[in-house]
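Work through the exercises below with the sequence and the structure open. Each task is followed by a solution in steps.

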Amino acid sequence: MTATTAGPATGRLPGRRTGSARRPWIEAAGCALTLAAAAAAGAAALVTAYRRAEWGESGQFAWFWAGMLIFTVPAAFWAVRRTSGTHLRLAVLVGYAFFTYLPKLLRNPTGPLYHDEYAHWGQSHDIVLDGLLFQQNAIVRVIGDYPGLHATVASLATLTGLTVWQAALLVLVLAHVLVVLGVAVLAGQLWPDPRIGAAAAIVYSLNSSFLFFDTQLGYESLAIAVLIWALVAGLRAIRATTAGARARWVALLLVLAVAITATHHLTALWLTGILSLLALACTAGSIRSRSDRGLAVATRVAWASASGSAVVVAVWMTVVSPRTGTYLEPYLGRALDQFSGLAGGGSGGRTLFSQSIAPWWEQKAAFVAPGCALLFMTGAVILWWRRRHHAEPVTRAASTAMLLLGAMYFPATLLILTPSGAEGARRSWAFSYLGIAVVVAPLIIALLDRARRRIATSVPVGVALLASCALMLVGNNAAGMNPSYRFPGPPVFGSDTRAATPEVLAAAAWLRETQGREARLVADRYSGLILGSYGEQEPTTGSATFPAYDLYRAQPGEPIPAALLHQLRSWRFEFLVVDRRMAEQVPDIKIYFETNEPIPHDGKPAFTRAQLTKFDHLPWLIKMYDGPHIAIYRFDFDSLGRPARGSV
Amino acid sequence: MTVLLVLVAYAGLAGVLPAAGRPWIALPLCLIALVAVGELALRAVAGPRPENGARLPAARIGFAGIAGLVTLPLVALALHAAGAPVRPAPLVAGGVVAATLLGAGVHVRERFTRSDPDQPVGTAGLPAQRGPDRSPRPGLAGTARTAAAVIVPALLAIVAGGFAVRAYLTAPRPAQPGYLSVALAGWATTIEHPVAVPARGLTVPVRVTSSGLATVTTVLRLRVGGQVLRSVPVTVAANTAQQTSVRIPALPADGCLRAVSISVGRMSTGFYARAAAGVPGRAAC
């Protein structure tokens with residue numbers, strides 16, 4: 001399994017043609033026709049899947065994956081095919097990137113839908129209206145400190161006249177294409193065989209964030225594309241052979257680091273971490289081979305890059321966004337607490353696929369996918385070990401760093417068992433899969449090359465590899481994204497993606513038309529999403545230090561906590577929004593207000609109707625709006641304690 | 001070539017302002033300007049051959065694309081630091097400054113470094129990534145093939161995706177749940193405190209909205225202090241928002257706060273009121 005990928009590129013490599021035996025245009029036309037037909041069939045199947053889901057018919061999962069695999073399997077074949085030409089391979093990867101954006105595009109082509117999308121769309125919209133960065137966001141507090149994505153979207157919308165959503169789609173599609181190309185180029189920095197780059201891009205696309213999470217209007221979607229290219233710039237700096245070239249590549253890396261840091265906190269931290277891993281691996285390599293002056297220089301450049309990135313991140317998080325630490329810490333802290341509780345046999349865990357509508361085969365695939373990844377990584381480690389003496393030093397150091405990065409995927413899969421860690425675990429996979437992709441790709445090509453020597457094994461090996469990739473694609477997405485995020489359907493109470501009912505949208509529109517923008521209000525999570533985005537208001541759902549949900553929790557006749565009333569009054573809250581479905585149904589995602597709310601989740605509605613209609617009897621609340629489920633009250637704190645006859 | 005790229009960036013940015021509000025003109029101009037700025041950034045760093053021996057010619061496109069893309073937030077951040085708003089004119093000015101600086105950077109790099117600074121002699125035997133790039137300079141044909149390798153699949157994807165989105169959006173959808181709502185309207189939307197009702201009474205505008213429901217006849221009720229004062233049938237047509245007025249009679253001048261509730265069917269809106277000529281602050285109500 002040493003193949004052509006191990007050492008210097010001295011021989012003829014795939015994609016570089018000699019002689020006139022091949023007819024590239026015929027091959028390209030054949031590929032284009034095949035993939036265009038596959039893309040059309042795949043798109044039709046995706047539309048069918050979404051239509052079936054929308055009408056509540058069965059089969060949406062099968063149609064969806066049929067649509068995806070119809071295109072991705074032949075595209076993967078063309079991308080790693082030995083005889084594919086240079087430009088054909090590039091074209092296939094570009095087509096692959098575009099097609100894999102289609103599931104998310106079809107999910108919500110006309111406006112925001114996911115929880116974070118409402119926040120980022122609202123933030124971009126505010127910049128278009130006011131021209132100001134760093135405005136506070138009511139839905140996700142910290143995103144105001146990271147305006148990179150919003151500035152990009154708002155600038156494009158402002159300059160071109162596109163709507164905010166259209167500009168966002170353009171930015172997101174570009175970022176998605178750049179992710180695919182970036183992974184291929186990143187792998188190409190280590191191994192000259194272009195098939196490895198293509199295979200790395202395909203393997204990376206199997207991660208659970210690729211189809212739905214990192215394609216949403218969220219800051220990570222842009223930041224991760226920049227991160228990958230920053231890593232390419234970092235490797236180019238390490239490999240550069242003159243001081244001037246090294247300085248220029250490091251300068252580009254730092255500019256990209258600033259852009260990443262201004263866009264997304266976690267991605268910036270991952271960039272610093274990955275560069276540090278690279279520097280550590282180079283250091284270890286240079287200690288082992290002290291005579292290699294080139295590696296010593298590469299080590300210094302790697303440390304300079306990592307340090308520069310760390311300084312950028314530290315300065316931003318100290319000066320611009322000091323609250324980032326307090327925003328991120330509870331997720332990790334609580335996850336570790338819950339994990340140690342689980343390890344000790346305590347409760348606090350979560351049951352995977354509890355009440356999920358995902359079919360059995362998707363659920364099984366979700367459990368098998370990490371096993372497949374482990375198998376591939378084991379093979380990659382063996383390949384790395386065999387090549388450790390032949391591989392060029394920087395390649396060896398960088399592949400070591402990528403192995404370590406990829407290995408982080410496995411402990412993170414355990415955190416998925418904890419309620420607080422699940423989110424962080426999912427989010428880490430987009431980064432750790434970068435390591436998996438870069439080190440598993442040479443293994444795949446080595447296996448294909450080895451099998452190619454015997455006709456009897458070439459087809460089964462190819463089919464087995466494609467089947468494994470398909471299984472990982474299905475399983476990772478099943479594990480990483482809730483079906484209600486992946487498929488449309490009828491309105492469901494307590495679902496981020498199905499919260500935008502006509503009634504809530506109308507209430508948000510009425511509030512904006514009659515009361516203007518940016519009024520502070522208390523709401524549940526789902527009403528808050530709509531009111532904070534389309535309604536252009538500033539909702540709060542409460543927190544441990546500002547338990548606004550205690551308004552709802554108070555029993556009729558029981559006084560509202562004075563401290564809470566003082567907070568509401570002094571912070572000039574104007575409205576209270578009540579969704580009476582909280583007394584009738586359990587939220588689809590088991591959250592009423594926020595993740596760590598002190599509200600029982602025992603399968604029954606956590607509120608009684610009396611708790612939610614008690615506001616009709618309180619003279620300090622004016623009932624401005626009422627619908628079948630949603631009521632909007634205005635606070636009149638001056639009337640606190642006044643007696644009144646009757647109720648509104 | 002550098003001067004040409006700077007001029008292309010200037011032209012693209014200059015065209016954006018007069019094309020304001022016409023995305024089909026402004027968008028291509030903006031994208032051309034950003035690609036030119038990205039290419040300038042790439043040339044300032046790596047020179048004209050950034051592929052560096054790679055057999056997948058994606059590095060140039062990728063670096064130029066990413067550099068062009070991050071130009072927007074970086075210019076916006078610079079504008080913020082300078083106290084300027086993120087508006088078309090300041091953004092265009094920022095883009096012009098970026099293109100000029102990068103053009104100057106390319107000039108400096110070309111002037112003060114060897115023609116191929118990242119490819120020194122004496123690197124024979126190194127792997128492709130570290131060795132000299134012996135691939136031919138990207139000629140017009142090579143550039144055209146690379147451009148075609150990006151543009152053709154992009155166009156095919158846009159066509160296929162466009163048809164798919166259109167088919168999805170235009171297909172019949174299940175009916176959304178309907179609703180009937182009632183809300184304060186007109187001057188009543190500004191009620192922030194108990195209302196003082198004059199002796200001649202008070203007219204309160206109310207908006208009744210029906211969406212996704214059939215025409216329905218229901219009852220409009222006025223309750224004051226918990227007592228029904230008026231109850232009339234009202235017909236709410238399907239998919240309409242109609243404004244109606246409810247007259248509140250004079251309230252007893254006893255200073256008591258009374259709830260005023262206006263309901264249409266099960267939905268109600270309301271506020272608190274007392275007589276304008278009452279005795280404020282009476283305790284026993």
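## Exercise 1: Surroundings of Asn476(A)

Asn476(A) touches Leu206(A), Asn207(A), Ser208(A), Ala369(A), Tyr409(A) and Tyr433(A), leaving aside residues up to four places away in sequence. The model is a predicted one.

Task: state which element holds Asn476(A), and decide whether Asn476(A) is buried or exposed.

Solution. 
Step 1. Asn476(A) is found in helix H17 of chain A, residues 455–480.
Step 2. The relative accessible area of Asn476(A) is 3%. Buried means under 20%, so Asn476(A) is buried.

## Exercise 2: A loop residue

Task: locate Leu217(A) in chain A and list what Leu217(A) touches.

Solution. 
Step 1. Leu217(A) lies in the loop between helix H7 (194–204) and helix H8 (219–239) of chain A.
Step 2. With a relative accessible area of 0%, Leu217(A) is buried.
Step 3. Not counting residues up to four places away in sequence, Leu217(A) touches Asp116(A), Glu117(A), His120(A), Trp121(A), Leu149(A), Val153(A), Trp165(A), Ala168(A) and Leu172(A).
Step 4. For a check along the chain, take Tyr114(A): this residue and Leu217(A) are 103 residues apart, and their C-alpha atoms are separated by 8.3 Å.

## Exercise 3: Helix H5(A)

Task: compare the span of helix H5 of chain A with the expected value, and say how many of the residues of H5(A) are buried.

Solution. 
Step 1. H5(A) covers residues 148–160, which is 13 residues.
Step 2. From first C-alpha to last, the helix reaches 18 Å, close to the 18 Å expected at 1.5 Å a residue.
Step 3. H5(A) is mostly covered, with 13 of its 13 residues buried.
Step 4. Just after H5(A) comes Gly161(A), which takes a positive phi of about 85°.

## Exercise 4: Salt bridges within the chains

Task: for the pairs Asp496(A) with Arg525(A) and Glu39(B) with Arg60(B), give the distance and the elements involved.

Solution. 
Step 1. The closest N and O atoms of Asp496(A) and Arg525(A) are 2.7 Å apart.
Step 2. This pair links distant parts of the chain, 29 residues apart: Asp496(A) is in the loop between helix H18 (483–486) and helix H19 (502–515) of chain A, and Arg525(A) is in helix H20 (residues 525–533) of chain A. Both Asp496(A) and Arg525(A) are buried.
Step 3. In the salt bridge of Glu39(B) with Arg60(B), the closest N and O atoms are 2.3 Å apart.
Step 4. Glu39(B) lies in helix H2 (residues 23–46) and Arg60(B) in helix H3 (residues 59–81) of chain B, so the pair ties together parts that are 21 residues apart in sequence. Glu39(B) and Arg60(B) are buried.

## Exercise 5: Where chain A meets chain B

Task: describe the interface of chain A and chain B by residues, area and salt bridges.

Solution. 
Step 1. Chain A gives 111 residues to the contact and chain B gives 101 residues.
Step 2. About 9200 Å² is buried between the two chains, and carbon and sulfur atoms give 69% of this area. In chain A, the residues that lose the most area to chain B are Leu159(A), Arg248(A) and Arg645(A), together 9% of what that side buries.
Step 3. The rule finds three salt bridges across the interface. One of them joins the side chains of Arg173(B) and Glu54(A), at 2.9 Å from N to O.
Step 4. Helix H3 of chain A (residues 86–107) gives the most to the side of chain A that touches chain B, with 12 residues.

Definitions and conventions
Residues numbered from 1 in each chain as written. Chains lettered and ligands numbered in written order. Predicted model: local features only at pLDDT ≥ 70, side-chain atom pairs only at ≥ 80, totals over all residues. Heavy atoms only, no water. Helix = DSSP H or I, 4+ residues; strand = E, 2+ residues; numbered from the N terminus. Expected span 1.5 Å × (residues − 1). Buried < 20%, exposed > 50% of the residue type's maximum accessible area, 1.4 Å probe, protein only. Contact = heavy atoms within 4.5 Å. Buried area = accessible area lost by both parts, 1.4 Å probe. Salt bridge = Lys/Arg side-chain N within 4 Å of Asp/Glu carboxyl O.
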